[in-house]
Amino acid sequence: MSRRGGGTSKRGRGKWETYREEFNGDDSQSGGHSRDGGEEATSVPKAASENLDTKINYSKTDEFGAKDYRDEMPLKADFTHRPLWVAPDGHIFLESFSPVYKHARDFLIAIAEPVCRPEHIHEYQLTAYSLYAAVSVGLQTNDIIEYLERLSKSSLPEGIKQFITMCTLSYGKVKLVLKHNRYFVESRHSDVIQKLLKDPIIQKCIVEETVVEEPQQTTVVEKITFPGQEKDKEMDTTDGAVPDDIGELYGRIEGDEEDDAEAIRSLQLLSFEIKQETIEIVQKRCIELEYPLLAEYDFRNDTLNPNLGIDLKPSTTLRPYQEKSLRKMFGNSRARSGVIVLPCGAGKTLVGVTAATTVNKRCLCLATSNVSVEQWKAQFKLWSTIQEKQIIRFTREARDAVPQGADAKKPCVCISTYSMVAYSGKRTYAAEEAMKFIESQEWGLVLLDEVHTIPAKMFRRVLTIVQAHCKLGLTATLVREDDKITDLNFLIGPKIYEANWMELQKAGHIAKVQCAEVWCPMTAEFYAYYLRAQIARRLLLSVMNPNKFRICQFLIRFHERRNDKIIVFSDNVFALKRYAIEMNKPFLYGETGQTERMKILQNFQYNPRVNTIFVSKVADTSFDLPEANVLIQISAHGGSRRQEAQRLGRILRAKKHSSDAFNAFFYSLVSQDTVEMGYSRKRQRFLVNQGYAYKVVNKLPGMEKEDLKLGTKDSQLQLLQQVLAASDADAEEEDCKEENVDGSVKVSRRESSLSSMSGASSVSYSSKGKAQSAKDREAERHPLFRRFRQK
Amino acid sequence: RMEECETAPFISFLSSLPHDERSILLSDPPSCLFLFRLLSPSTQSFILTLIWESTQSISFSSRRDSDTCSIALLRELDIVNEDENGKIVLNPSFRRGYLSGAVQGSHRSSQFSPHSDTGKDKKNKEKDVVKKSNERWECVLRFLALPSDSTMTNVSSTTRDVLNHAGFTSGHGNEMDITSKGFQFLLLSPVRQIWSYVIELLRMELGAKRKVKDLLDVLLRMTLCVDGEPERRSFKMDNSWNERQVNFVNHLRELGLIFIRKRKDGFFYLTPLLANLCLAHQNDSMVHKSGSLMVETNFRVYAYTSSSLQLAILSSFTSMTYRFHDMSVGILTRDSVRKALQVGITADQIISFLKTNSHPESANSALPIPITVSDQIRLWEDERKRLLYQDATLYSGFESEKEYEDVLSFAEREDILLLADSSRKNVVVTSEGHEKVKAWWKRRNEAT
């Protein structure tokens, strides 16, 4: 207990508080409380912390308790033809049935964060980040205000105009461009350039005291095209009901930015060169000066780095939304850094591969697990003309030879995991060699898979090791329970594109999923113990509830008869094993070896007799299981919205027999009257906001006819005994393992697995590691584990 | 039996009338015709059979099952009777009344003479009628939903009396407030609302020992004149109306059931609201008002309305978040729905309100309100019913195992046992069972 008193206030928090925070993952965007360390806080520009919610604290409420904005938002005469309400608090409501819906949607997704997008009315929110993203894809302050004004049913509130101006005026004015292998800071705004030039810190970084006034670009920029459906035809059929000014506007924002903003274009382009080794200093300084640098990579003019020489196969075609996201990324014939958000199963990998072939330079691809490294490799070979020898994998288990000599200079696609690259301990010789290779290269593009899962700390490490011109993050959910999205924005870049799940579902690009929350009544005996137990034990009792087991077994049988392929998820390993063994199904979790994993997954894929597998949270992300169409979740990580979305993603890959009917099923089994109920609600929030509807099922017809296990009181009591006898460790969720990349702070109970995850599997090392810094680690250790240690 | 057969509220009211008053109504051709229309198709055909069957009677044995309902209902209304041979006979005065009404046709039997409007902008006038009448009814509802000095000035004292008498409001003057019954009334479909108002009004009259025949006479005759577009027809005022009837007509005008431009004009228009009274069945409204509500799968409710009345009703079970001129946003939360359930509003009433008022955009889609939302509202209601309260008696502190066993087995035998705990030696029986146990205990002790 004495240990607990020490340390910062954060460390001093009790287990329960930590639990609560992790489990409840709140929506609050404020994040003011948990930024780690003061020095890091400065890496975010001040304007980014502007927030309309707190800014406008004056607002009237009407007699029903609603925010009353009638005074501030007088309707226009033709309001019925316009699709938006823009509330002074930054929330925007969009009618999805409006004839100008498509105009508005594309614009809003560029300037605002989608809050929820169900069937009829979509809600967005203007935030400092979303506006930053808007600017970085080429929209200008005045355009944003003007377009928003035109789409709005009422005149735009004054506060909104001010907010947009404040957030966008200084953003996007300055770019960091790599051209002819030299770094330039570029701007068309001479006042800004002057300001930067006068700054003493930046002055030290400038190569020569020469400010280049570039002649107007006369070279015709070749437009980048992608092999998709040429152009959206959807806009051609313009309705008579579209007000003229909106129709005209759409043409302007959708047209590539080369064409628009002529006025800006005619301004002289000013630039100065900076020393390569000072890039970070300049970037940081510019943020402090409120002019964050937008990183752009003029890869076509990069002659120093050799071309990869790969292309998409002629047979590869992109879906419209994939093409759209790439068009935003390569909008001005340069590559922008940023994040593309697509639902799981919607083909993020193809977007990544296409980006790699477009840039056509050395490419580093970072994934979250060994399995997903293999899958990336397979996808590269599937979609592009890349040759075997151009792909190099660095993982714990499958490591290709580090190129030596002349080969080291040849461009390649290197695929590795975050934990490999970010590992800060001692490595094996081979791992060391691989790291040296990665560090020595100048990467044209870094693909960051599942970016949202990576903690900011780890990211910083990765990004200091890797020299890259352009960073593309790929993810399904920009939701983070720890509010670290902020950091992502400035570490990688703004969100470039975010797809609408429901629209992809309607178009048949992802499976049509029926979500259900199945209520499993607790048996009286289990509930009696539940009420008296500690939280961790409570969770175990809820998962092991015999009725939940029976319902799970019933659902598995039901779907196996339909020839469905079923994945059962359990975060709790004790439950995972018990369920799987009891039902005689294969299972895999953190400690399952790579070969066995592959074997189980392949059997699941090809063996008609293996239709159900049990998996722990190792399969949450990037396990590609295209066959699976039923998912049953028996235990989960508290209220994590992201995990729920990730899991749903496992069955989203569009199924063959696409029709109007549901072709995939997502069951979340919750024990009634337990904490699981509340968590379940929280977990669903993200998907519900994407337009999914959870059906509550509290009775499964036909269950009484099945011969299910644990039907007798005796067998139930026996199970209860076992649950009560289980060790505390069993009651916990599965903890640290290779895939669990959320930080090196978590130390495994099994000392060896941490070192082996980064390639150092020698015995001598792991014992050394144990002796060396047991104390330091204690300090870093997650409070959850400290408790077990203290005994 | 009456519950099983779906009956129009008016028919139930009619059966509650004193016998003599009902029999006067049942011989009056317009009333017969009107009543006939309110009956279900199977009951109608049953009456027709009785009318045209030469024997004018049907034996009990030959009746079909589906007729059971009809017969029970008609007997309740004194439309049919049983003769000494056990045969069903149609009330002769009803037969006469119905036939004469049917022969004359509904317009002629109403005895109103049409007034031909020669004005130029007839179309506009008609629109005006619809608008004004809806406004009138809204005033009544608004007063009920949001009682205040300003809403009070828009309704007459009669209306206030009716609402108060019906138990929709409590208190008087500034103290006045809506009751949970009143809220339930607001959630009803327009047909049900107007019917229940009219019936409450008639009940109030009955309560004051006044005959309702005079009033019904006017109302039913007006209703008979309704056809497809009621606002297109105007009729001359009847000079034979007595003072009470004139007052009643003015009250109908206030409610918006009829429209009179100026009293001295001497003619009145029918309104679509009045048409609601032609419908026996409560849920479908003839006036298809396009609603304003959109309910989304994420439990958000978007109300395309600026009517404070609609919003007041909505806010009784929704937590409102945004108010714009033409639209308001709310969220159905567990708390907000429970608040409504606590004052006696039912899940079904909430769901049917959301359905009947759904926006055309969502009404066109497969489900006007998402199934998950209606399920959830019902689940919220059900979760309040998980605890059942029952008066009971607990026996504990038995002196021996034997005593405990005896009491337990007696309670089981008598089927009065609620709970027994063998480890703590507790027995709980129903409170009615307690007496039995007491008596049995006494006997047992005497025996030993």
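Predicted model: local features only at pLDDT ≥ 70, side-chain atom pairs only at ≥ 80, totals over all residues.
Local features need pLDDT of at least 70 and side-chain atom pairs count only at pLDDT 80 or more, while totals for chains, interfaces and linings use all residues; side-chain values use heavy atoms, with hydrogens and water left out. Residues are numbered from 1 along each chain as its sequence is written, and chains are lettered from A in the order in which they are written.

In chain A, an open sheet is built from seven strands with parallel pairing, in the order 15-16-14-17-18-13-19. Strands (E, at least two residues) and helices (H or I, at least four) are DSSP runs numbered from the N terminus, and two strands pair if DSSP finds at least two bridges between them. At the edges lie strand 15 (391-394) and strand 19 (495-498) of chain A, each of which pairs on one side only. Direction ignored, neighbouring strands are turned by 20° against each other on average; axes are lines fitted to C-alpha atoms, for helices over the stretch in contact, and angles run from 0 to 180 degrees between N-to-C directions.

Within this sheet, strand 14 (residues 363-367) and strand 17 (residues 442-449) of chain A run parallel and are joined by four bridges. Cys363(A) has Leu445(A) as its bridge partner in strand 17 of chain A. Helix 14 (residues 320-329) of chain A packs on the sheet and touches strand 13 (338-341), strand 17, strand 18 (467-475) and strand 19 of chain A, contact meaning heavy atoms within 4.5 Å.

Zero disulfides (pairs of cysteine sulfur atoms within 2.5 Å) are found in the whole structure. For Cys414(A), the nearest cysteine sulfur, that of Cys412(A), is 5.8 Å away.
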